[in-house]
Amino acid sequence: MSLKETRASDIISRALRLLSVKATGETLEADEALDALQNFNWMLEQFSNERLIVYQIKNELFPVTAGTTAYTIGPSSDAVWQTTRPLISQNASAFIRQTVSGLDTDYIMDYYPNDRFQQIFQKQIKTNYPYAWTNDHAFPISTIRIYPQPTLNLQFGLSQTIQFEKLDSLSDVIAFPPGYEAMLGWNLALCIAPEYGISPDALQVIAQKAEETKRNIKRTNSEPLLLAVDRDLLTHGIYNIYGDR
């Protein structure tokens, strides 16, 4: 069964009908449609910051050079690692991979917030397998730093959520998993409403439906949290034979 194509203009028309601004079959005026498209893109940007609304996780590998601890990352050709700029590093996961004779061995890395990373006393310590990483979140290109300094050529594995892409035109095709189309329509209506001077009372039902559809999406995308204890809190600690830690 082929998927039915839905375009940006379809979602916008539906949102305006929910607000009783347009009737079924009524053509959108050019300025009106472009204003709605801008609101659509603003909404998608906000959704990219809501972890449980973003449904796709991207797994990538990047080269790590022995003796190098800092790597720029972003969509520009100026970045060492060219990919989507990480948006929420604390929700991403990373590992160091070594490949020997075709066999991959992965070592999990801990994410350190920038202030904790800066508190590392001696950053020139060397090891075969780095165990910590951080991100300065600069824009549009940020810098990922790893610790300790690697003595081998390795790979950095990064798993991060995929941000929603910007819509360039009304004819852009909207392709999302089940439930997203309704969620986008209700929430776009809520975003557009202030531009038409619609009162909060009149928006009550739309606001409820917008929140309800978001909750359904988040429930679908949620994953169980695993309980963990910081290594530093363990009485005897854990020794890492690979990182001599």
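His137 sits in the loop between S8 and S9, where helices (H or I, at least four residues) and strands (E, at least two) are DSSP runs numbered from the N terminus. The model is a predicted one, with local features needing pLDDT of at least 70 and side-chain atom pairs counting only at pLDDT 80 or more, while totals for chains, interfaces and linings use all residues. Residues are numbered from 1 along each chain as its sequence is written, and side-chain values use heavy atoms, with hydrogens and water left out.

Most residues other than glycine have a negative phi, and most peptide bonds are trans. His137, though not a glycine, has a positive phi of about 60°. At 27% relative accessibility, His137 counts as partly exposed; on this scale buried means under 20% relative accessible area, exposed over 50%, and partly exposed in between (1.4 Å probe, protein chains only). Ser101 is not a glycine either, yet its phi is positive at about 55°. Ser101 belongs to the loop between strand S5 (93–100) and strand S6 (103–111), and with 80% relative accessibility it counts as exposed.

Then there are the cis peptide bonds. One runs from Phe139 to Pro140, with omega near 5°, and Pro140 is in the loop between strand S8 (132–135) and S9. Another joins Tyr147 and Pro148, with omega about -10°; Pro148 falls in the loop between S9 and strand S10 (149–150).

Leaving aside neighbours within four places in sequence, Thr143 is in contact (heavy atoms within 4.5 Å) with Ala70, Tyr71, Thr72, Thr134, Asn135 and Asp136. Gln149 and Gln124 are 25 residues apart in sequence but 6.2 Å apart in space, C-alpha to C-alpha.

On to the helices. Helix H2 (residues 30–48) packs on helix H4 (residues 180–192) at an angle of about 115°, with the axes 10 Å apart; axes are lines fitted to C-alpha atoms over the stretch in contact, and angles run from 0 to 180 degrees between N-to-C directions. H2 is therefore roughly perpendicular to H4, since angles under 35 degrees count as roughly parallel, over 145 as roughly antiparallel, 65 to 115 as roughly perpendicular and the rest as oblique. H2 contributes Ala36, Asn39, Phe40, Met43, Leu44 and Phe47 to the contact, and H4 contributes Met183, Leu184, Asn187, Leu188, Cys191 and Ile192. These residues split into 10 nonpolar, 2 polar and no charged.

In the largest nonpolar core, which has 31 residues, Ile12, Phe40, Leu184 and Leu188 touch the most other members. A nonpolar core is a set of buried Ala, Val, Leu, Ile, Met, Phe, Trp, Tyr and Cys residues joined through side-chain atoms within 4.5 Å. Helix H1 (8–18), H2, H4 and helix H5 (204–221) are the elements giving two or more residues to this core. Beyond its sequence neighbours within four places, Phe40 is in contact with Ala8, Ile11, Ile12, Leu167, Ile174, Leu184 and Leu188. Another core lies apart from this one and has 17 residues, among them Val64, Ile73, Ile144 and Ile146.

Note on methods:
Nonpolar A, V, L, I, M, F, W, Y, C, P; charged D, E, K, R; others polar.
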